[in-house]
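Please have the sequence and the 3D view open as you read.

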Amino acid sequence: MPEIRNYTLNFGPQHPAAHGVLRLVLEMDGEVIERADPHIGLLHRATEKLAESKPYNHSIPYMDRLDYVSMMCNEHGYVMALERLLGVDVPERALYIRTMFDEITRILNHLMWIGTHALDVGAMTMFLYTFREREDLLDCYEAVSGARMHAAYYRVGGVYRDLPEVMPRYEKNQFRSDKEIDKKNEARQGTLLDFIEDFCRRFPGLVDEYETLLTDNRIWKQRTVGIGTVSPERAFQLGFSGPMLRGSGIAWDLRKKQPYAAYAQMDFDIPVGQNGDCYDRYLVRMEELRQSTRIVQQCVDWLRQNPGPVIVSDHKIAPPSRSEMKEGMEGLIHHFKLFTEGYCPPPGEAYAAVEAPKGEFGCYVISDGANKPYRLKIRAPGFAHLSAMDEMVKGHMLADVVAVIGTMDIVFGEIDR
Amino acid sequence: MNESAKKASEIRRETLLENLNKRFTGDGFASSLRLGELTLVVPRERIVEVAGELRDNEAFQFEQLIDICGVDYSQYGRSEWTTDTASFTGFGRGVGAMQGSSAEMQRFAVVYHLLSVSLNQRLRVRVFVDDQHPMVDSVSGIWNSAGWYEREAFDLFGILFAGHQDLRRILTDYGFIGHPFRKEFPLHGQVEMRYDMDRQRVVYEPVTIELRTLVPKVIREDNRYAEGSNKPQDPADA
Amino acid sequence: MDALMNLWEWLGENLIIIQILIKIVVIVAPLMLCVAYFTYAERKIIGYMQVRIGPNRVGPKGWLQPIADAVKLMFKEITIPTGANKVLFLIAPMLTLGPALAAWAVFPFGEGLVLSDINAGLLYLIALTSVGVYGVIIAGWASNSKYAFLGAMRSAAQIVSYEIAMGFALVGVLVAAGSLNLGEIVLAQSGEGGLFNWFWLPLLPLFLIYFISGVAETNRAPFDVAEGESEIVAGFHVEYSGMPFAVFFLGEYANMILVSALTTLLFLGGWLSPFQGWPVLGNMFAWVPGFVWLFAKTAFVGFFFLWLRATFPRYRYDQIMRLGWKVFIPITIVWIMVVGLAVVYEMPWWFD
């Protein structure tokens, strides 16, 4: 009788479903996975080490590049850790702006996730639909920070600047007819808040549209129900957080349980799954899209009525205004010191966590009193999720590996750091 | 956060601190509450025992290990900016790489961040490890998620975890030499890689770029933060 | 002089061969054009379904895109992996394209308008469409790549399973028509009821199963596990580039057109007018040549291929098997019996 052998399949790092640079070494028996060994680190940029060599403020843009589909949430985790270390109280308006942009980021991330997840499972239309909506939200990013993705908008003590009064519009060009451009500009006539409000009004309908494509689709259900099931006990053991934990039926959300920014004033619900499979996690995230829209709407209402400063007036931490810097000696000195040396938090350590779209994103900062972090440790949710890969795919088929990678919402920027 | 919730979480933290102090007494244990965060220092021989206790004891219930972080304390509290030497063009900026390690303190630490979902509280556990034998017992039997975090700490700091099933490098390249997050490891690394046309393959060579310090590390003794002592505090109770 | 005389005589004797060759060219050349523009149609239609425009740069409205693609593929380097079996590696694409084209030999484009009017036309078709899978298997094996091999295995299992369901669906047709000749099958569908006389109505389950099996046979979404770009990258043709890849592509699209055309013949009345025998419309559309109807119906069925692709996620390999063996085959068997009874008892409208 011939010898029957398992064979290994090298999945990635150049694989369309590897979500970047995941290398999976799969030990397979036919189509069935016996063991999965993820090799990571192909995108390792030593962000934490780089941060040790730079003043605190310089590392904020690095945070965008960690989980590069939920940029502002990463910044939020970092600046929160520093604010705790420095003992800074953030102005209330900044807190609401942060809350709003955290939720916009969550929508951005989940749109990206559902698009790629569906694409992995074979429904490619979803991807293009979600990117249509991402476009609008990235425009909000651009309006507020000047950059579509890597915003670097949050600062220690607030945000870089107040929301713009005018929403940028499309210009007339030769590629589209004027009528089309006018139609695109219809929602952009007012302020950024008007634009976001308009988005909030139509977005729930669009989520319904996505759901008609997938939620009751038999093939989608066959591909996701009962795949990658994780029990609540195992979810704890494996260090899951965010939707991965909630999909397993645990109602844990930092926004509710350890509220930060303005979440304590927000009215929203936490969706929770039952079975802990890919389908439940899908439903949880779809509902989060709706809940995030609710939060954004509440923030818009508040921000309309409450103008105020968006960053602390302590010029040891936040730069003075341009005119102050040009006209006053003190302002000039502050500006110079801040941009050449930065600020020195007292020796100590702080860990701050935010509920990033993928789970708990935490920053652990150790300061020895210098103007650079002594050690910065980034706790990326995807790292813990990916480490459960072996357990989640064991006994499933090759096609399910792809579904599980999709459901984990993996982004290598944050896993490899 | 509204005031009552804030109060409640403060009370929870203080109760937890009391419980920790009650439960973990003896040599090497220390606990502190700073910036609203609890830290427990554990002697390294007892980490597994303590971890099990923290997970299973009714008063703690830390079901989740959030993070494991390695720290290299060898240059803690050392400023790059030495302005003692003045020349006729001005002050010399001492921005050379910092050397040496302080002997009085243990060099490495492993920091565990724990989360209790049932009691909604967090705890930081720190274990100090010396330079000669950087080895701790693995907690992967208690929290499975520790597996990869310990691999990471091993990879980046060279801290060994006894009893770990699969202690391989995780983030660095295959065949990487050294532990890049140790303070003496240069920021730009040791080797660089290029494709050699003559030999028709990729070759590794010592780095050619030089390390520049754009902004020197400087420690300011700030009156606002001074609480009695201006000395950098011992990280153990920081 | 002698040689020329000989050639002339030879030609006289073999005129039939030349005739056939010309006919083949007349069929294959437009077919290839159809294939080329089917790819364009696919990109455009799916493009509009996905709120984008699709190709619009090459030529007016992108009409020259397929030509540009063809030229590009022709000039690309053909890479052959080191571990591959060269001969088989190059033969495999032809093995997929060949049967897809050969099947058209028995295809009637109108009454009597057929290259080879054989009586066992349906059997010939079943036989030829099964041969195509050898190309896939050989390609997967010869590439010496695990991904390609997995794709080949999946494809083989899938095609064999769906062949059965498809075969049963065809049995239903031939029972209903009482003939294996494709032309006669079409003629059996003509009647006063126009499109309600066609077989799609009495054989509705078989019609659906035939079409779905056809989608599975051609490895199209949602049954494209053999290619499944997110799982096994491109499956059996992952190692192919340039012209061999293009040939695979041609084979796939030629197969799609074949399946749509056959669906038209067997269930949608081939070249018959849908308004045949209707009071007013029947006369209004009497001037339309049968070929146009055939083309329109084929395009309509082909559109469903694209629609499916834009809508559905991909099945998992074992789920395809389950669907084929546990759902389709039982349904077809039951419906064949129903049709048999209907024919025996001469059910009105269709079988009287």
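Chain B exposes about 12700 Å², and carbon and sulfur atoms supply 51% of that area (Shrake-Rupley method, 1.4 Å probe; for residues, only the protein chains shown count as cover). This is a predicted model, in which local features need pLDDT of at least 70, side-chain atom pairs count only at pLDDT 80 or more, and totals for chains, interfaces and linings use all residues. Residues are numbered from 1 along each chain as its sequence is written, chains are lettered from A and ligands numbered from 1 in the order in which they are written, and side-chain values use heavy atoms, leaving out hydrogens and water.

**Chain B**
- Three helices and eleven strands make up the secondary structure of chain B (DSSP runs numbered from the N terminus: H or I of at least four residues, E of at least two).
- Of the 238 residues in chain B, 42% are buried (under 20% relative accessible area, 1.4 Å probe, protein chains only).

**Helix α2 of chain C**
- Helix α2(C), residues 15-49, has 35 residues and reaches 50 Å from its first C-alpha to its last, close to the 51 Å expected at 1.5 Å a residue (1.5 Å times one less than the number of residues).
- Its buried residues include Ile27(C), Leu31(C) and Phe38(C).
- Val51(C), which follows α2(C), has a positive phi near 45°.

**Helices α6 and α12 of chain C**
- The axes of α6(C) (146-177) and α12(C) (317-344) come within 9 Å and cross at roughly 10° (lines fitted to C-alpha atoms over the stretch in contact, with angles from 0 to 180 degrees between N-to-C directions).
- That makes α6(C) roughly parallel to α12(C) (angles under 35 degrees).

Conventions
Buried means under 20% relative accessible area, exposed over 50%, partly exposed in between (1.4 Å probe, protein chains only). Angles under 35 degrees count as roughly parallel, over 145 as roughly antiparallel, 65 to 115 as roughly perpendicular and the rest as oblique.
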